[in-house]
Amino acid sequence: MKYDEKGQYLYTQFQSYKSGYIDDMEVWFNAEKNKFDVRSASRIGASDFGVNGKRLNYIGGRLEKEFGWEIKRRKNGSLV
């Protein structure tokens with residue numbers, strides 16, 4: 001995990017348990033819009049079977065529940 005406090009940027013990797021695939025996740029604070037921007041993507045392959053979306057929904061749900069964050073969701077209730 002890498003964190004740049006000055007740039008308000010966080011980078012981390014997630015590795016799948018069984019296959020060992022690595023996904024990259026980036027979070028940074030967008031000062032112009034006063035919000036966090038997030039990106040999570042698989043390094044290889046055409047599909048991740050929704051794993052990155054599930055991960056972002058899980059993290060977003062925990063931030064809402066535990067810290068009272070307000071997260072804008074799509075009409076279907078998903079973050080992605």
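Guide: What follows begins with the chain as a whole and then turns to the pocket. The model shown here is a predicted one, and its protein chain holds one helix and four strands, which come in the order β-β-β-β-α when read along the sequence. Taken along the principal axes, the C-alpha atoms of this chain fill a box of roughly 35 × 35 × 25 Å. Of the 80 residues in the protein chain, 21% are buried, and the accessible surface of the chain comes to about 6,700 Å², with 53% of that area belonging to carbon and sulfur atoms.

Turning now to the part you asked about, the largest pocket has a volume of about 750 Å³. Its lining is made up of 21 residues, and those closest to the centre of the pocket are Phe36, Val38, Leu63, Trp69 and Ile71. The elements that each give two or more residues to this lining are strand E3 (22-30), strand E4 (35-42) and helix H1 (51-67), and H1 gives the most, with eight residues.

To return to the whole chain, among contacts with a separation of 6 or more, 13% are between residues 24 or more positions apart.

Technical notes. Residues numbered from 1 in each chain as written. Predicted model: local features only at pLDDT ≥ 70, side-chain atom pairs only at ≥ 80, totals over all residues. Heavy atoms only, no water. Buried < 20%, exposed > 50% of the residue type's maximum accessible area, 1.4 Å probe, protein only. Contact = heavy atoms within 4.5 Å. Areas by Shrake-Rupley, 256 points an atom, 1.4 Å probe, with all protein chains shown as cover. 1 Å grid on protein atoms, 1.4 Å probe; cavity = no way out; pocket = protein on both sides within 12 Å on 5 of 7 lines; lining within 4 Å. Points joined across faces, edges and corners; volume = space filled by probe spheres on them.
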